[in-house]
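Okay, thanks for making time, everyone.

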Amino acid sequence: AEDVGQVYVKALGTYIDADSERLVDDDVVGGAIGFGYALSEHFNVEFDMQMLNLDGDPSGNPDQDQTAVNLSLMNIYNRSGLFAPYLLAGAGVVNTDVDGASDDQDDLQLQGGAGVLTRLWGDRVSLRTEVLYRWQDASDSLGDVLVNAGFSIALGSKPVAAAPVVASAPVVAAAPPPPPRSPPCASSWRP
């Protein structure tokens, strides 16, 4: 996973196991693109756009095109490891355009699930795979399973940790040297 303080982009392809009430085929139907920010060792925040083209089932039901925007929170474990599993929960708005319908429909969408980031090339690129359950508050409440796979790419340079501040000992001024000693005088008085 990207390091704390880094921005990243993601690009994912999507397979949908659609709710039977949608009357569409289960298939690879589109994907999502977006960006995120690593807030802390265990949390990322993400914004993405999802585009799905759902083909009507063989009985002649119409195709559906969906566009959604989502805001999600990721809870990441083992961020610095080769494999970084995570949980994800988010909310958004989905627009559904059904072929032949006079108007399209905007609905609330909630999604949640789990996935794993696998580092591929150093600290920049990760393979991302996840399984999400998506609930859409349409005229009939709909639930789909989305399987996403793609890449996450960290942008910018790695944040540099601030060097620890070391308190130095106070500087003590050196004592002035003692005044020079005069050589002993020979006494001119004699008894």
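**Strands, pairings and hairpins**

Let's start in β8, where S152 is the bridge partner of S126. Before I go on, a reminder that this is a predicted model.

That bridge takes us to the pairing of β7 with β8, residues 141-154: the two strands are antiparallel and share 13 bridges. How many residues does the hairpin between β7 and β8 run through? There are 3 of them.

Now go to the other pairing of β7. Strand β6 covers residues 105-121 and strand β7 covers 125-137, and they're antiparallel too, with 12 bridges joining them. If you want a place to look, find W121, which sits opposite V125 in β7. The hairpin of β6 and β7 has 3 residues between the strands, and G122 there has a positive phi, near 65°.

While you're looking along these strands, keep one general point in mind: in a regular strand, side chains alternate between the two faces of the sheet.

What about contacts in the protein? Take the ones between residues at least 6 apart in sequence: 58% of those join residues at least 24 apart.

Last, burial and surface. The protein has 191 residues, and 35% of them are buried. Its accessible surface is about 11,300 Å², with 64% of that belonging to carbon and sulfur atoms.

Methods. Residues are numbered from 1 along each chain as its sequence is written. This is a predicted model: local features need pLDDT of at least 70, side-chain atom pairs count only at pLDDT 80 or more; totals for chains, interfaces and linings use all residues. Side-chain values use heavy atoms; hydrogens and water are left out. Two strands pair if DSSP finds at least two bridges between them. Helices (H or I, at least four residues) and strands (E, at least two) are DSSP runs, numbered from the N terminus. Buried means under 20% relative accessible area, exposed over 50%, partly exposed in between (1.4 Å probe, protein chains only). Contact means heavy atoms within 4.5 Å. Accessible areas come from the Shrake-Rupley method with a 1.4 Å probe; for residues, only the protein chains shown count as cover.
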